[in-house]
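Subject: Structure handover

Hi,

Here is the structure I promised to pass on. My notes on what turned up in it follow below.

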Amino acid sequence: MINKSRIVRIIKTKQETPTIKSLFFQDEEASKSKPGQFLMIWIPGIDEIPMSVSSTNPPGVTVKRVGKGTESLSNLEKNDEIGIKGPYGNGFTITGQKVLVVGGGVGVAALLPLIKLLTKENKETTVIIGAKTKQELLFKREIEKLVGKDQLMICTDDGSAGLKMMASDLATHIVEKNSYDQIYTCGPEKMMYKIFELAQKKGTPLQAALERYMKCGFGLCGSCGIGHLLVCKDGPVLDSQSLEKVKEEFGKLRREPSGEFQKI
């Protein structure tokens, strides 16, 4: 386990959407990340935050401005320096031949390396991505190149691109008409919970990448707890069996930095 930050220089940035930006750097350990794993990113003088790995060649993370830490990270440019630790956690497991991948918002970032691996291994891959608006759709072109136009389905809350519906609703329509060996998902937790319920109803294995408040990233502080599990150590990717055991909290409650529960 690597607990000391490695200082790296940003070699490239890319504005993906009006609110989402990717940062790339050189780091041998990060380049070995498995799809679904995360890094602890230290922004000097500001904060340390967990970020899913969205690229491994070169390594990179994709950040949406939602708070002080993410805003400071998204303001960085080429040649700026950050500290990184990891990769941490358990990633996605490739299983089955016919799979469905469902991503919402910036959660699509954690799924891009997975989709690359699935297509590399010649899995029959269907992808659903959703966002609030057309402008906020993430990695549409990249995913379309990987799976083909016919296997990528798009939805937006306002109907500005694709179908006007939530990604979980579109997934329901698709799963009712098709059978899959495995479902993968990442995005807003309420969305993932609906897909979890759908997968349980259909008897389809599911893997979901969760996000929780984290202080340490490797299982000491307990701040990322969900039920008896720690997202940083037992996750961030949890399968159907694990999610079933924590469904009283999954999609319903999360802990604040104070440790208090808050409704999702």
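A definition before anything else: a residue is called buried at under 20% relative accessible area, exposed at over 50% and partly exposed in between, using a 1.4 Å probe and protein chains only. Keep in mind that this is a predicted model, with local features needing pLDDT of at least 70 and side-chain atom pairs counted only at pLDDT 80 or more, while totals for chains, interfaces and linings use all residues. Residue numbers start from 1 along each chain as its sequence is written, and side-chain values use heavy atoms, leaving out hydrogens and water.

Salt bridges

The criterion here is a side-chain nitrogen of Lys or Arg within 4 Å of a carboxyl oxygen of Asp or Glu. By that rule there are 11 salt bridges. Glu16 pairs with Lys14 at 3.9 Å, N to O. Glu16 is buried, with a relative accessible area of 18%, whereas Lys14 is partly exposed at 39%. Both belong to a network of salt bridges that also takes in Glu142.

Asp27 and Arg6 form another salt bridge, 2.9 Å from N to O. Arg6 sits in strand E1 (residues 6-15) and Asp27 in the loop between strand E2 (20-25) and strand E3 (38-43), so the pair links distant parts of the chain, 21 residues apart. Both Asp27 and Arg6 are buried. Strand and helix labels are DSSP runs numbered from the N terminus: helices are H or I with at least four residues, strands E with at least two.

Then there is Glu144 with Lys140, whose closest N and O atoms are 3.6 Å apart. They are 4 residues apart in helix H3 (residues 140-147), which means about one helical turn separates them. Glu144 is partly exposed at 27%, and Lys140 is partly exposed at 31%.

The sheet

Strands count as paired if DSSP finds at least two bridges between them. An open, mixed sheet of 7 strands runs in the order E10-E9-E8-E7-E11-E12-E15. Its edge strands, each pairing on one side only, are E10 (163-164) and E15 (237-239).

E11 (residues 182-186) and E12 (residues 206-209) are parallel, with 4 bridges. Ile183 stands opposite Leu206 of E12, and Cys186 opposite Ala209. E12 is covered on both faces: Leu206 and Ala208 on one side, Gln207 and Ala209 on the other, are all buried. The path from E11 through H5 to E12 is a right-handed β-α-β crossover, meaning clockwise from the first strand over the helix to the second when the strands point away from the viewer. With E15, E12 runs antiparallel over 3 bridges, and Ala208 stands opposite Leu238 there.

Axes are lines fitted to C-alpha atoms (for helices, over the stretch in contact), and angles run from 0 to 180 degrees between N-to-C directions. H5 (residues 189-202) lies across E7, E11 and E12, at about 170° to E11. H2 (residues 108-120) lies across E7 (98-104), E8 (124-131) and E11, at about 160° to E7.

Cysteines

What about disulfides, meaning cysteine sulfur atoms within 2.5 Å of each other? The whole structure has 0. The sulfur nearest to that of Cys224 belongs to Cys232, 3.6 Å away, which is too far for a bond. Cys224 is buried at 2% relative accessibility, and Cys232 is buried at 3%.

Cheers

Methods. Contact means heavy atoms within 4.5 Å. A disulfide is a pair of cysteine sulfur atoms within 2.5 Å.
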